[in-house]
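Here is a short report for a reader meeting this structure for the first time. Please keep the sequence and the 3D view at hand.

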Amino acid sequence: MLVRAEHIGKSYGRQKVLDDVSFGVERGQVVGLLGPNGSGKTTLMRILTGYLRADEGSAYIDGFSVAEQTLQVRRRIGYLPEHNPLYTDMYVREYLDFVRGFYDGIPRTRIDEVVEMTGLTPEARKKIGQLSKGYRQRVGLAAAILHKPSLLILDEPTTGLDPNQLVDIRRLIKALGKETGIILSTHIMQEVTQMADRVIVLYKGRIRLDRPIKDLETGEQIIRVELDTEIEAEWWKRMPGLSAWENLAPQLWELRFDTREDMRGRLFDFAVQTGFKILSIEVQHTDLEKLFRQLTTEARETV
Ligand code: ADP
């Protein structure tokens with residue numbers, strides 16, 4: 001396991017910003033940390049990089065505690081903070097050489113490699129202050145991968161980019177993800193499906209969902225329905241569009257539909273036709289956008 005976060009908690013004054021956050025990241029995985037503003041993404045990332053101490057719990061990279069801030073930890077992590085501080089008076093290569101000085105044993109030729117990898121070649125002779133926001137972000141990425149970290153932590157890497165720059169940076173991040181593990185934060189759902197293998201939804205400091213993207217895109221819909229009475233499984237054969245059903249408790253069923261269409265209305269119609277009452281309906285699993293809304297609002301999908 002590349003990263004292990006165990007029961008991380010952090011408070012600012014009375015506000016609990018992170019609450020019992022645990023997850024793992026495998027090598028070569030791109031994990032999208034998704035959540036509305038204020039949900040604790042930056043705080044979590046700063047703890048993972050060792051810039052900030054957790055009040056509770058611990059995090060490890062390759063088994064080394066990040067709180068120790070040892071050489072082993074620093075060499076393994078590349079960090080692109082949200083407001084990437086770049087020296088605007090420096091030339092691109094000059095800046096990368098300056099960053100190179102923070103580490104031991106990185107050959108000068110590595111600068112050419114990262115310039116190439118991040119698509120900076122056409123702009124590499126300019127001063128950072130002369131670059132567009134998209135290219136500045138590439139410089140930030142180039143600096144973050146200079147020491148060949150095994151984990152890249154990118155805090156809102158696409159914020160403030162125009163649509164073309166967005167596409168380019170997303171593509172670049174996806175390509176970088178083939179070489180290293182990545183944790184990236186965003187409040188935009190589509191970004192996660194485009195770049196990540198896995199999504200972790202953080203809301204009010206707690207993990208609300210941790211799941212591979214492929215499981216979210218099946219178009220399958222899972223609905224838990226509570227009835228006022230016990231019924232035979234045979235009844236469900238008459239429900240159109242239903243692909244599987246399972247009895248979880250005497251009056252509680254889990255139903256699977258192979259469709260993105262919201263099946264709750266049809267379920268109500270079916271209940272009326274067959275003469276039983278629905279006490280509650282809970283959509284367990286739909287596509288990411290819906291799911292995100294459900295997970296990041298207080299109201300539950302209960303009728
Ligand atoms: P996100 O990155 O998801 O937008 P943050 O981790 O930046 O969320 O912030 C989570 C919460 O912690 C917010 O309510 C924010 O106001 C609060 N917070 C963050 N940093 C501090 C700080 N240094 N002092 C007090 N509150 C903070």
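The sections below go from the overall layout to the cores, the surface and the salt bridges.

## Overall layout

This is a predicted model. The protein chain has 303 residues, and 48% of them count as buried. Its secondary structure comes to 9 helices and 14 strands. Along the principal axes, the C-alpha atoms fill a box of roughly 75 × 40 × 30 Å.

The chain is divided into two domains: domain 1 covers 3-216 and domain 2 covers 221-287. Their C-alpha centres lie 42 Å apart. Among contacts between residues at least 6 apart, 66% join residues at least 24 apart.

## Nonpolar cores

The largest nonpolar core holds 46 residues. Tyr95, Leu96 and Val199 have the most contacts inside this core. Helix α5 (residues 133-145) gives the most to it, with 6 residues. There is also a second, separate core of 26 residues. Val21, Val25, Val31 and Leu202 are among its members.

Which residues does Val199 touch, leaving aside neighbours within four places in sequence? They are Gly32, Leu34, Val192, Leu209, Asp210, Arg211, Ile213, Leu216 and Leu288. Asp210 returns below as a salt-bridge partner of Arg198.

## Surface

The protein chain exposes about 15,200 Å². Carbon and sulfur atoms supply 47% of that area. A nonpolar patch on the surface is formed by Tyr87, Phe98 and Phe102. Together these residues have about 330 Å² of accessible area.

Tyr87 is found in the loop between β6 (77-80) and α3 (92-100). Its relative accessibility is 45%, so Tyr87 counts as partly exposed.

## A buried arginine

Arg170 has its place in helix α6 (residues 163-176). Is Arg170 buried or exposed? Its relative accessibility is 14%, and the limit for buried is under 20%. Arg170 therefore counts as buried. Leaving aside neighbours within four places in sequence, Arg170 is in contact with Thr158, Glu191, Gln194 and Met195.

## Salt bridges

The structure holds 18 salt bridges. One of them joins the side chains of Lys41 and Glu156, at 3.9 Å from N to O. Lys41 lies in helix α1 (residues 41-48), and Glu156 lies in the loop between β7 (151-155) and α6, so the pair ties together parts that are 115 residues apart in sequence. Both residues, Lys41 and Glu156, are buried. Arg27, Asp62 and Arg76 are linked in a network of salt bridges.

Two further pairs each link one strand to another. In the pair of Asp210 and Arg198, the closest N and O atoms are 2.7 Å apart. Asp210 sits in strand β10 (residues 206-212) and Arg198 in strand β9 (residues 198-203), 12 residues apart. Asp210 is partly exposed, with a relative accessible area of 35%, whereas Arg198 is buried at 9%. In the pair of Glu254 and Arg224, the closest N and O atoms are 2.9 Å apart. Glu254 belongs to strand β13 (residues 252-257) and Arg224 to strand β11 (residues 221-227), 30 residues apart. Glu254 counts as buried at 9% relative accessibility, while Arg224 counts as partly exposed at 29%.

Definitions and conventions: Residues numbered from 1 in each chain as written. Predicted model: local features only at pLDDT ≥ 70, side-chain atom pairs only at ≥ 80, totals over all residues. Heavy atoms only, no water. Core = buried A, V, L, I, M, F, W, Y, C linked by side-chain atoms within 4.5 Å. Buried < 20%, exposed > 50% of the residue type's maximum accessible area, 1.4 Å probe, protein only. Helix = DSSP H or I, 4+ residues; strand = E, 2+ residues; numbered from the N terminus. Contact = heavy atoms within 4.5 Å. Patch = residues over 30% accessible without salt bridge, like charges linked within 9 Å, V, L, I, M, F, W, Y side chains within 5 Å. Areas by Shrake-Rupley, 256 points an atom, 1.4 Å probe, with all protein chains shown as cover. Salt bridge = Lys/Arg side-chain N within 4 Å of Asp/Glu carboxyl O. Domains from an automatic or database assignment.
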